[in-house]
Amino acid sequence: MNTLIESNLVALKKQSFPELEKLPSHQGKKFDGKITLSVWKDTTTNQELRIVVQAYRHLILGIGRMEAKGFVISRAGEISDLTKEEIYEFT
């Protein structure tokens, strides 16, 4: 799951602020019928974009494993990674 998250983060970080701004607030996609990859976007109070990539692997009876990583991008294109605490606040 980490590889899936990382590859999506790399691709998203290559996009400009205007491109990322056009993303929907949430989009999801299933892989192999067991992993759901979601991309979440919102705007912070500083007018920056917060992007989180979340992967959830269904195991059994509604139990699963979730991992997420993300970043904040300013209008000037400056990027900083989100901490786990910031991600949990968001998701």
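Two strands count as paired if DSSP finds at least two bridges between them, and the strands themselves (E, at least two residues), like the helices (H or I, at least four residues), are DSSP runs numbered from the N terminus. The model is predicted, so that local features need pLDDT of at least 70 and side-chain atom pairs count only at pLDDT 80 or more, while totals for chains, interfaces and linings use all residues. Residues are numbered from 1 along each chain as its sequence is written, and side-chain values use heavy atoms, with hydrogens and water left out.

**View 1. The protein chain holds three helices and five strands.**
Read from the N terminus, the elements follow the order α-α-β-β-β-β-β-α. The radius of gyration (over C-alpha atoms) is 13 Å, close to the 12 Å that the globule rule (2.2 Å times the number of residues to the power 0.38) gives for 91 residues, so the protein chain is as compact as a globular protein of that length. Taken along the principal axes, the box filled by the C-alpha atoms is roughly 45 × 25 × 20 Å.

**View 2. Five strands make an open sheet with antiparallel pairing, in the order β1-β2-β3-β4-β5.**
At the edges lie β1 (26-31) and β5 (79-81), each of which pairs on one side only. From one strand to the next the twist averages 20 degrees, where axes are lines fitted to C-alpha atoms (for helices over the stretch in contact) and angles run from 0 to 180 degrees between N-to-C directions. Helix α1 (residues 2-13) packs on this sheet and touches β1, β2 (35-43), β3, β4 and β5, contact meaning heavy atoms within 4.5 Å; the direction of α1 makes about 20 degrees with that of β4.

**View 3. A hairpin with five residues between its strands is formed by β2 and β3.**
The antiparallel strands β2 and β3 are joined by nine bridges, and S38 has Q54 in β3 as its bridge partner. In the turn, Q47 has a positive phi of about 65 degrees.

**View 4. Strand β3 (residues 49-60) runs antiparallel to strand β4 (residues 63-73), with 11 bridges between them.**
Along this pair, V52 is partnered by G70 in β4, R57 by R65 and H58 by G64. The two strands form a hairpin with two residues between them, and L61 in the turn has a positive phi of about 50 degrees.

**View 5. Strands β4 and β5 run antiparallel and are joined by three bridges.**
F71 stands opposite D81 in β5. Five residues lie between the strands of this hairpin, where G77 takes a positive phi near 95 degrees.

**View 6. The largest pocket has a volume of about 220 Å³.**
A pocket is an open set of points on a 1 Å grid over the protein atoms alone, where a 1.4 Å probe fits, with protein on both sides within 12 Å along at least five of seven lines, and lining residues have an atom within 4 Å of a point; grid points are joined across faces, edges and corners, and the volume is the space filled by probe spheres set on them. Of the 15 lining residues, A68, K69, G70, K84 and I87 are the closest to the centre of the pocket. At least two residues of the lining come from each of α1, β4 and α3 (84-90). By class, seven lining residues are nonpolar (Ala, Val, Leu, Ile, Met, Phe, Trp, Tyr, Cys and Pro), six are charged (Asp, Glu, Lys and Arg) and two are polar (the others, Gly among them).
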